[in-house]
Amino acid sequence: MTDQSTKTEPGPDGGVPVRTGLSPRKKQQISRAVQYVVLVAAVVFLLMRIEWGKLAENFAKPEVAAETLPDLFTVALKNTIIYSVGGFFFAFLLGLLFALMRMSSVRPYRWIAIAYIEIFRGLPALLIFLLILFLPLALPGFEVPGGTYGQGILGLTIVGSAYMAETLRAGLQAVPKGQMEAARSLGMSHARAMTTIVIPQAVRIVIPPTTNQFVSLLKDSSLVLFLGVSGEYVELTKFGNDMASTFANATPILVVGVTYLLVTIPLGYLASRLEKRQARGR
Amino acid sequence: MTPVNHAVEIRDLHKHFGKLEVLKGIDFAVDPGQVVCVIGPSGSGKSTLLRCVNLLEQPTSGRVVLEGVELTDRDVDIDAARRRVGMVFQQFNLFPHMTALQNVMVAQRRVLKRGRAEAEKIARENLEKVGIADKCDAYPLQLSGGQQQRVAIARALAMNPALMLFDEPTSALDPELVGDVLTVMRKLAEEGMTMLVVTHEMAFARDVADRVVFMDGGVIVEDGPAAQVIGEPQHERTKSFLRRVLDPTHTDV
């Protein structure tokens with residue numbers, strides 16, 4: 001038995017209701033065809049609208065791109081990495097400290113940790129950099145150690161540590177209770193069991209989310225721009241901005257963008273690989 | 001201090017979890033060299049009792065005395081006392097980020113401050129004793145449950161404990177792996193180790209234990225030689241429990 005569609009189906013032997021109209025497969029084919037038509041139309045429209053010559057002139061001018069070298073890597077990328085690795089390192093340490101305080105049996109420690117985490121997780125990163133900029137006004141005579149690098153790293157440390165504290169706390173709590181019990185039953189003190197047994201496992205657990213956090217800090221390092229850095233301290237975004245002004249051309253912005261991606265895409269890939277490996281291992 | 005007669009002595013031990021009273025006054029002792037099996041239905045408090053012996057659970061009241069040292073004294077050096085008590089868990093609780101060898105070495109190094117060479121020698125001896133000398137460099141996840149549990153036993157033994165606690169050591173194992181672990185435990189008993197074993201393995205209790213303790217509802221119902229408690233139980237509760245365990249397809253529902 002067949003119906004009006006070309007598709008043949010097993011005849012209904014009483015039980016299965018007879019279908020009327022198009023088969024689900026037909027409907028799906030039509031829907032897909034419509035989607036392709038819309039896509040092609042949109043692409044054609046864009047291709048015709050864009051003035052390619054002008055675009056290339058402004059965003060991909062080889063002479064301007066060549067001008068960014070070698071400083072793009074030797075100064076800007078280097079500084080971006082210094083700011084973000086430094087910020088990540090201290091954010092990790094501070095985050096671990098606050099994670100442990102958050103789980104402490106001493107109540108005021110828990111309060112301090114909660115307050116810190118809630119405040120700095122809730123503030124925009126830019127605001128934190130502005131605060132650092134105005135710090136000398138609030139505390140006359142105070143100077144962030146390490147100069148410009150110190151200021152940038154401090155900002156990223158504050159931005160990162162609140163998130164890191166929560167991530168690490170989740171990691172610490174994800175270590176099964178039996179691990180602490182086994183360690184204690186072998187005569188280890190609480191502190192010894194934490195440092196030898198629990199923390200190493202927690203760090204392993206949080207490697208994938210932490211890698212993503214590093215990518216996020218790397219991007220936030222662009223905010224160092226607002227500290228008014230110049231010369232040898234510029235990072236990628238500031239560098240791109242300055243070069244773009246100098247040449248009145250947007251090519252350096254594009255070049256800098258590609259440079260970020262050179263670092264962030266492999267890192268993101270690495271994070272998802274680590275995540276998969278961990279899902280297998282645990 | 002009282003003269004040391006018992007390896008461990010428990011007097012009027014109570015343990016509450018919130019409103020729930022899990023242990024309702026436990027009195028008993030284990031003498032050096034004795035193997036005591038604790039049996040009973042789940043929820044009877046037997047695991048809690050075991051965990052009170054090395055203070056993984058803090059008793060609500062009562063005394064636990066280990067080799068003449070009162071562990072329930074609030075100022076006791078509990079870490080020092082725990083070195084004398086090895087514990088084997090139902091879920092093995094091996095450290096997953098360390099190899100079998102490192103698992104057996106870490107507490108020797110960090111707690112007993114043994115040198116690397118000495119700790120490694122003792123670790124290898126103990127791994128050999130439990131029959132997994134060839135798996136020294138494997139990580140726990142690469143081992144079967146039975147192998148993991150034997151590493152856990154070696155880890156406890158490497159600390160030269162005076163008393164070994166076993167908390168349902170074979171309950172998480174596939175049936176065909178239970179024998180490997182029980183054989184190791186039997187050998188240990190024959191060497192004269194003092195052991196307190198919470199178990200559902202009646203054959204092990206009957207063959208290896210010097211004494212069997214039957215617990216139900218947070219109290220010790222029956223305590224005596226294995227042949228008596230398992231062979232000729234006196235109390236109705238013991239009888240009905242043993243019927244259910246030994247003949248599970250003919251239980252009165």
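Biologist: Why is B:Glu70 called partly exposed?

Modeller: Its relative accessible area is 28%. Buried means under 20%, exposed over 50%, and partly exposed in between, with a 1.4 Å probe and protein chains only. So B:Glu70, at 28%, is partly exposed. This is a predicted model: local features need pLDDT of at least 70, side-chain atom pairs count only at pLDDT 80 or more, and totals for chains, interfaces and linings use all residues. Residues are numbered from 1 along each chain as its sequence is written, chains are lettered from A and ligands numbered from 1 in the order in which they are written, and side-chain values use heavy atoms, with hydrogens and water left out.

Biologist: What makes B:Glu70 and B:Arg63 a salt bridge?

Modeller: Their closest N and O atoms are 3.0 Å apart. A salt bridge needs a side-chain nitrogen of Lys or Arg within 4 Å of a carboxyl oxygen of Asp or Glu. The pair therefore qualifies. B:Arg63 is partly exposed, at 39%.

Biologist: Which partner does B:Glu67 have?

Modeller: B:Arg84, with the closest N and O atoms 3.0 Å apart. B:Glu67 sits in the loop between β4 and β5 of chain B, and B:Arg84 in the loop between α2 and β6 of chain B, 17 residues apart. B:Glu67 is partly exposed at 28%, and B:Arg84 at 34%.

Biologist: What makes β4(B) and β5(B) a pair?

Modeller: Two strands pair if DSSP finds at least two bridges between them. Strands themselves are DSSP runs of E, at least two residues; helices are runs of H or I, at least four; both are numbered from the N terminus. β4(B) and β5(B) share two antiparallel bridges, so they pair. In one of these, B:Val65 is the bridge partner of B:Glu70.

Biologist: How do you know that β5(B) is an edge strand?

Modeller: The open sheet runs β2-β1-β4-β5 in chain B. β5(B) and β2(B) each pair on one side only. Eight bridges join β1(B) to β2(B).

Biologist: Why is α8(A) called mostly covered?

Modeller: Eight of its nine residues are buried. Among them are A:Gly178, A:Met180 and A:Ser185.

Biologist: Which elements do those buried residues pack against?

Modeller: α9 of chain A, together with α1, α2, β6 and α5 of chain B. Contact here means heavy atoms within 4.5 Å.
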